[in-house]
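Work through the exercises below with the structure open. Each task is followed by a stepwise solution.

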Amino acid sequence: MKSPADLLYEQVIQLIEPLTRFDRTSLKRESDHETQAGGEASRWYSPSFNVAPHSGGGQLPSGIQSFPSAGSAEQAASSARAAATKALPDRLRKWAERHAGDDSALTAGDCYDGSVTYGAQARCHSCGGQGKTTCGNCSGQGRTICSMCSGRGQTSCSGCGGSGQQRCGSCGGAGRMQRYVTKTVWDGYANRYHSHSETVMENCNMCGSSGRRQCGQCYGRGKQNCHSCANSGKVTCNRCGGSGSVSCSTCGASGWTHKTYKLGCSVQSRFEVDARHARPEVVARLKAFSLEHLSSLGPVEQQEPDVRANALRRRYRFTCRITELTLDTQGSAIQLVGFGERAYVFDFKNIVGVLLEQDLQTLETTVQQAPTFGVGPDEELVDAIRQCLESEANQQLGEGGPAAEKLKTTGTLSEDYAGRLTAGLRSGFRKLYLGESGLGAALAATLPAAALAAIALAGWRGKTSGPFWIALLASFLLYTGAEIFARSRVNRLFRAHMESKRMRSLLRGLGVMKKVRLTTAAVSLLLLLAALRLAALRLGM
Ligand SMILES: [Zn+2]
Ligand SMILES: [Zn+2]
Ligand SMILES: [Zn+2]
Ligand SMILES: [Zn+2]
Ligand SMILES: [Zn+2]
């Protein structure tokens, strides 16, 4: 039979063995200590009654207790509320007795006989019960003044603008008009007739040389009949359609209004735990647990409920076995706390971080000492990273994502450890990667630009942009090649410690390639633009 302390120890082993390069021999059991925590959990229910007023049009809907006036209906509602409040403690007590053996929740329906609505109806004030009111648009006349003619029944003639006259069409308003005449005269010298043309001015017959004629559209009156109102000056009111009255909006045309008062109930609930134990850590943990959680960890017994005037408190007494186990981890002591018979651990107190601390420190030192540009990978740095990657937890942290988050939330390792480890791996990998990709990246940034500059000096005048784009593409392809080469080199260094697929996601998670990529792109573009400028200068010469 395993003791709770044994169970606790097993949990730790099952945690650290898959996550680190260490096994149970690295965790020495120093001492264990069993105690009991206890306390009381309370679930509070606080019902409250309220009266909700509502006004509406129409007669009282069915199912409402009717009263002669709104005042008496309101009175009845508040009396009902007072009665429900008075009866509440007794109801709560009886309910608690009925449910002494279960954990069912108190509902609003348990606190009173149910929702009741009280109300009264009255003739509508706005329309005097008629359901309709005088139309404000036409003052009840049914007709309004025509807007086209402003009530005159006639409008100015559109043909003459009201003057009754139009310009004469024959003479264009001048009153006189030109005419060509051909005359035949006898020429005595030539002994024959001879014809010649000339222009003469004549008075206009059409307008009696006044230039103006009577308007054909209005026969000189200057006015036309209004089409909108058929000469009457008034049109049918568009709001009431000519009836002179509109539906009453207050009562919805029913002639009645009503007021209701609805008695309702709502129940607020909260849960609190009062726990006792010598360790504040245990008390804090127990206070955060739900009733279900407490029941899964130890015996929970329902107590006599506490009935107040307007609240019910269901009480539960609980106990929970607490197992404290002290472990010696790499020379430092960690005290873990297990809850319940199976000694569940909720906080592993950075135990994985403590186990892996030495590896991390080695990584931090070697990263600092490794040269930024070296010929070939720095062996000490490679070894330090390899040692870190031997522990699954470090691989998960490097990749980032939900697995890394879970390690932190369960206390398997601390935020501090996680931050330092990722920083260490990031700079370590950056150094290695820069060593492998630096030369390729430098070539990608400079070679195409140099070629472009060379052809610029050889006579290219930069008139067409073709060579520039070809050089840019060449730079991109060269860099892509350099990156694939560098990645496969880095990959090969750690092939024995990490699958290549995970290594890819780790390099991406740490943002290792980003810096080299951005720098190469920026330098390449600058140099290419400089070469382009050189070609442009040659053009200017
Ligand atoms: Zn009305
Ligand atoms: Zn009207
Ligand atoms: Zn004329
Ligand atoms: Zn006219
Ligand atoms: Zn009109």
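Strands are DSSP runs of at least two residues, labelled E and numbered from the N terminus. The model is a predicted one.

**Exercise 1. Which loop holds Asn191, and is Asn191 buried or exposed?**

Step 1. Locate the loop between E8 and E9; Asn191 is there.

Step 2. Check phi. Asn191 is not a glycine, yet its phi is positive, at about 55 degrees.

Step 3. Apply the cut-off: exposed means over 50% relative accessible area. Asn191 has 56% relative accessibility, so it counts as exposed.

**Exercise 2. Identify the protein donors of the zinc ion (ligand 3) and work out its geometry.**

Step 1. List the donors. They are the SG atoms of Cys168, Cys171, Cys204 and Cys207, at 2.0 to 2.5 Å from the zinc ion (ligand 3).

Step 2. Test the angles. Four donors are tetrahedral if all angles lie between 85 and 135 degrees. Around the zinc ion (ligand 3) the angles among the four donor atoms are 99 to 127 degrees, and the site is tetrahedral.

Step 3. Write the spacing of the donor residues: C-x2-C-x32-C-x2-C.

Step 4. Cys171 is in the loop between strand E7 (165-167) and strand E8 (176-187), and Cys204 is in the loop between strand E9 (192-203) and strand E10 (212-214). The two are 33 residues apart, and the pair links distant parts of the chain.

Step 5. Judge burial. Buried means under 20% relative accessible area. Cys171 is buried at 10%, and Cys204 is buried at 2%.

**Exercise 3. Repeat the analysis for the zinc ion (ligand 4): which residues coordinate it?**

Step 1. The SG atoms of Cys157, Cys160, Cys215 and Cys218 coordinate the zinc ion (ligand 4), at 2.1 to 2.4 Å.

Step 2. The four donor atoms subtend angles of 102 to 116 degrees, so the arrangement is tetrahedral.

Step 3. The donor residues of the zinc ion (ligand 4) are spaced C-x2-C-x54-C-x2-C.

Step 4. Cys160 lies in the loop between strand E6 (154-156) and E7. Cys215 lies in the loop between E10 and strand E11 (223-225). This pair, 55 residues apart, links distant parts of the chain.

Step 5. Cys160 counts as buried, at 13% relative accessibility. Cys215 is buried, with a relative accessible area of 0%.

How values were computed
Residues numbered from 1 in each chain as written. Chains lettered and ligands numbered in written order. Predicted model: local features only at pLDDT ≥ 70, side-chain atom pairs only at ≥ 80, totals over all residues. Heavy atoms only, no water. Donors = N, O, S within 2.8 Å, 3.2 Å for Na, K, Ca; no water. Tetrahedral: all angles 85-135°; square planar, octahedral: opposite > 155°, others 65-115°. Helix = DSSP H or I, 4+ residues; strand = E, 2+ residues; numbered from the N terminus. Buried < 20%, exposed > 50% of the residue type's maximum accessible area, 1.4 Å probe, protein only.
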